[in-house]
Amino acid sequence: MAVPSKTSVEVETKSKIREYLDIVLPECFIPELGESKSGKVRDIYFAGKNVVMVTNDRVSAFDFILPNLIPFKGQVLCGISEWAFQETKDIVPNALIENVDSSVVVQKKMTNLNVEFIVRGYLWGSMAAAYEKGDRTFCGLKVPDGLNRFQKFDEPLFTPTTKAEVGHDEYMTMQEVE
């Protein structure tokens, strides 16, 4: 059996994506589920003791919702989240109750700590921009001089941030998280 060339796979994949560009989920409005909140990439409903989270096809980058939608992005993100919950449930309890659809999960209602944890393997994004302006301390961690944008760190950095409702997330130190 012949292995398809990278070019033919790419052409086929792009063709399939074009087929579905009009079938995207920009948002979800189900008032019957009760109080709701719209996040950057999820619509969240507070239903009794549980939370129903619908992951949509919106794209968020650097704290902004971009105008383009990606078909099936919500389903892929939801699948990755479910996989991570399943793989770590023996290490730490989590909120997942059930994945009821490819874009919908039901979770236990819990207190949101409003903290996001980012593991950075490379100098890029907002950290690279701040580094280029002279910043060398991020989340209480010292980063050496002489690095280039997109350079791989010797060891990954664990950088917690606030999870802002609106606007930009802000760096935190581990002491602030505790």
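Q: Why is F158 called partly exposed?
A: F158 has a relative accessible area of 36%, and the scale calls a residue buried under 20% relative accessible area, exposed over 50% and partly exposed in between, with a 1.4 Å probe and protein chains only, so F158 falls into the middle class. The structure is a predicted model, in which local features need pLDDT of at least 70 and side-chain atom pairs count only at pLDDT 80 or more, while totals for chains, interfaces and linings use all residues. Residues are numbered from 1 along each chain as its sequence is written, and side-chain values use heavy atoms, with hydrogens and water left out.

Q: How do you know that F117 belongs to one class of accessibility or another?
A: Its relative accessibility is 43%, and F117 therefore counts as partly exposed.

Q: What makes F117 and F158 an aromatic pair, and of which kind?
A: Rings of Phe, Tyr and Trp (its six-membered ring) pair if their centres lie within 6.5 Å, and planes under 30 degrees apart count as stacked, over 60 as edge-to-face and the rest as tilted. The count by this rule is 3 aromatic pairs. F117 and F158 lie 5.3 Å apart, centre to centre, with 15 degrees between the planes, and form a stacked pair. F117 lies in strand 8 (residues 115-122) and F158 in strand 11 (residues 152-162), so the pair ties together parts that are 41 residues apart in sequence; strands here are DSSP runs of E with at least two residues, and helices are runs of H or I with at least four, numbered from the N terminus.

Q: What kind of aromatic pair do F138 and Y171 form?
A: With 5.7 Å centre to centre and 75 degrees between the planes, F138 and Y171 form an edge-to-face pair. F138 is in strand 9 (residues 137-138) and Y171 in the loop between strand 11 and helix 4 (174-177), 33 residues apart. F138 counts as buried at 2% relative accessibility, whereas Y171 counts as partly exposed at 30%.

Q: What makes the charged end of R136 sit over the ring of Y131?
A: A charge sits over a ring if NZ of Lys or CZ of Arg is within 6 Å of the ring centre and within 35 degrees of the ring normal. The charged end of R136 sits over the ring of Y131 at 3.6 Å from its centre.
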